[in-house]
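Here are some notes on the model you sent, arranged as numbered points.

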Amino acid sequence: MKLTFLIACCVLFLGFPVAGFAQDTPEEAQPADSITTPIPAPPGNVTAWDTENDHGHSVSLSWEPSPDDGTGLGNVIGYIVFRSDSPDGPFVDRGVQPAGASGHTDVGSKEEASQDYMADYVDYYYKVRAITADSLVFAESVMVGPVQSYGQWFNTGRIPVLVFVLCFMAITIFFIQKAKSGANLFVRRLAGIEAVDEAIGRATEMGKPILYVLGLGTAADIATIASYTILGRVAKKIAEYQTGLIVPCYDPITMTVAQETVKTAYMDAGRPDAYNEDMVYFVTQSQFAYVAAVNGTMLRERPATNIYMGKFYAESLILAETGALAGSIQIAGTDEIAQIPFFVVACDYTLIGEELYAASAYLGREPLLLGSLKAQDYAKAAVIILAILGVIAMNVGLDGFKDLFYISN
Amino acid sequence: MKRSSIIIMLVVLAMFVISWLAKASSMAGVEDHNIWHGFLITFSAFLTLAILSFLYKDNPFYKFAEHLFVGVSAAYWMSMGFWTTIVGNLIPRISNSLSAFFEVPPIADEWALLLLPDSVTFFIPVILGIMLLLRLSRNMGWISAWPLAFIVGSTAGFNLVRYLRSDFIEQVSSTFVPLLVDWQGTGHFFSHLNLNASGQFVTMAGNWVIFLGVMCGLIYFFFSKEHKGIFGFGSRVGIWILMVTFGASFGYTVMGRISLLVGRLTFLFGDWLGLIS
């Protein structure tokens with residue numbers, strides 16, 4: 001009797017944990033020594049879909065948090081997302097979310113050589129595991145899948161950009177056609193540009209050259225493109241007056257375009273013979289070396305007029321101060337906000353920001369440029385109206401108006 | 001050359017040699033190659049002072065430093081352009097044998113433009129680059145207009161969308177600010193008036209400045225109407241706001257420039273003359 005009781009106790013106290021170990025696998029049920037941590041309920045309603053508006057290699061997931069997350073047993077501390085390319089596994093960890101989370105985006109690399117590579121158009125299977133403070137106590141959702149990732153050609157999150165581009169293009173084309181039809185499009189006076197003719201005349205009377213600096217931008221910068229148009233107008237006037245022109249360039253491609261611009265201007269003025277390729281030359285692509293060279297030119301050649309039009313950086317004040325030292329009349333224009341103050345204090349006339357872009361239209365009165373300028377003005381008017389509407393909407397609680405302008409990455 | 005100029009040059013040369021020898025001897029026993037390092041530090045100080053001499057007037061020392069700077073920088077950027085662009089970016093994509101010759105690892109297909117491998121598509125910029133170089137030829141210089149048109153046109157196209165998004169649409173939506181923040185009546189407003197940065201008054205004042213500043217700034221840059229009457233008043237307010245902003249930017253930038261000067265002076269008084277540690 002006593003022996004039977006002893007054997008029964010041994011079976012109870014020894015057999016139970018043995019049975020528990022036999023059943024335990026890393027991905028399945030939990031061992032008996034976690035008896036103090038109850039098993040939580042798994043997250044429910046797990047769904048997986050291809051992440052929208054991306055270049056692929058990404059899957060988004062959502063789930064209902066476990067009933068034991070924050071409530072019930074309250075022992076869920078987070079969620080781990082597992083992925084496999086086969087329903088039978090093996091599943092790999094693809095990210096952790098804290099308690100209370102109900103979604104996750106599994107983003108992989110597009111590089112085949114990367115360890116994190118996630119191929120498109122491949123079936124993936126997902127499971128979401130609710131974890132507790134005890135790493136061996138967890139609950140997994142049912143597996144979902146297959147789901148494939150792929151890129152989208154059209155990003156619907158950027159529709160506001162498309163709408164604005166189309167509207168702006170439509171307005172621009174309208175006003176260009178209007179300008180071409182001979183309509184008189186008014187542009188208000190710009191003091192800095194009206195001074196250009198006066199400055200060229202001054203240089204002609206003094207028999208000194210004009211220095212034109214295109215700035216440090218590349219040939220594709222907007223400010224540099226606007227500067228080309230102004231350079232063309234200035235060069236044409238200079239060709240008519242037979243004044244000298246010096247155009248030191250920072251960028252080789254900018255120099256190439258500037259040479260074409262000046263050459264064309266001389267031809268338009270009927271003075272192709274007066275054009276000299278050495279007028280427009282490359283200096284160096286180092287910022288302060290360029291400035292040192294231009295400063296030297298200013299003090300040696302003593303130009304009567306310095307025109308700075310384009311993109312400038314820290315060298316703006318050095319240029320303007322040296323020009324003032326040399327006694328030149330100076331006209332500047334840039335869209336670099338940080339440099340405008342330096343030009344304002346050191347130059348005689350300054351074109352601020354968009355006045356530089358308007359200057360090219362103002363000087364040439366070409367339909368293409370005038371129409372563009374008018375379109376910009378109407379766009380500004382639209383911005384003013386939208387801003388007033390937006391402020392009214394914010395103040396009456398219509399926050400959805402602002403969401404119309406939201407652009408996703 | 002004038003006699004005084006020759007004397008000045010000889011004096012500067014003598015001072016250079018004396019400084020070099022003094023610097024080298026002060027570094028002896030502390031580091032190897034002290035004569036060479038002493039020369040480099042003395043030469044750097046000489047070039048710094050030569051550039052700063054421009055503040056007095058143009059002179060041969062400034063001209064020397066200027067031409068040296070221009071020449072070295074032009075050669076440096078040409079070399080950088082070759083090694084980073086041609087060898088670093090082009091060759092590894094188009095030729096494994098050239099990659100081995102230049103000892104750079106080949107780059108696997110990354111772009112797959114038009115479903116063609118990079119080793120084929122990267123010849124497009126090579127051809128455009130050669131067309132651009134034809135500018136040097138009198139007869140075929142016109143060919144360079146095509147890649148120039150491609151560069152200017154494509155970049156303008158990219159920038160249109162980029163700037164429309166960042167500088168236009170997002171700026172417009174950022175202007176949608178509430179002008180009355182946490183409004184609970186004028187009594188509550190005046191009784192809780194304070195200059196707390198996150199307080200009601202400061203937040204409201206900031207929002208009013210943003211709204212009015214944007215409106216008046218846009219009015220200033222409106223070119224289709226004369227700035228007269230109420231429109232002119234808005235334009236004047238706009239330019240005032242712009243000038244206040246420029247003034248603040250000016251002061252901030254001047255501080256940055258002074259810090260650059262401090263760096264140069266630290267080199268002269270510390271590394272060269274050894275007067276400061």
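**Sheet and helix packing**

1. In this predicted model, strand S9 (residues 210–215) of chain A is paired with strand S12 (residues 305–311) of chain A in the parallel sense, over five bridges. Within that pairing, Leu211(A) has Asn306(A) of S12(A) as its bridge partner.

2. The pair belongs to an open sheet of six strands in chain A, which run in the order S11-S10-S9-S12-S13-S14 with parallel pairing. Strand S11 (280–282) and strand S14 (349–352) of chain A stand at the edges with a single partner strand each, so one side of each has no neighbour in the sheet. On average, and with direction ignored, neighbouring strands of this sheet are turned by 15 degrees against each other.

3. Helix H5 (residues 252–268) of chain A packs on this sheet, where it touches S9, strand S10 (245–249) and S11 of chain A. The direction of H5 makes about 170 degrees with that of S11(A).

4. A further point concerns helix H2 (residues 159–180) and helix H10 (residues 367–396) of chain A, whose axes come within 7 Å and cross at roughly 135 degrees. Since angles over 145 degrees would count as roughly antiparallel and 65 to 115 as roughly perpendicular, H2(A) is therefore oblique to H10(A). The crossing of these two helices, H2(A) and H10(A), is right-handed.

5. Which residues make the contact of the two helices? On H2(A) they include Phe168(A), Ile171(A), Phe175(A) and Lys178(A), and on H10(A) they include Leu368(A), Gly371(A), Lys374(A) and Tyr378(A). The residues of the contact of H2(A) with H10(A) comprise eleven nonpolar, three polar and three charged.

Methods: Residues numbered from 1 in each chain as written. Chains lettered and ligands numbered in written order. Predicted model: local features only at pLDDT ≥ 70, side-chain atom pairs only at ≥ 80, totals over all residues. Pairing = 2+ DSSP bridges. Helix = DSSP H or I, 4+ residues; strand = E, 2+ residues; numbered from the N terminus. Axes fitted to C-alpha atoms, helices over the stretch in contact; angles between N-to-C directions. Contact = placed C-beta atoms within 7 Å. Parallel < 35°, antiparallel > 145°, perpendicular 65-115°, else oblique. Left-handed = near helix turned anticlockwise from the far one by under 90°. Nonpolar A, V, L, I, M, F, W, Y, C, P; charged D, E, K, R; others polar.
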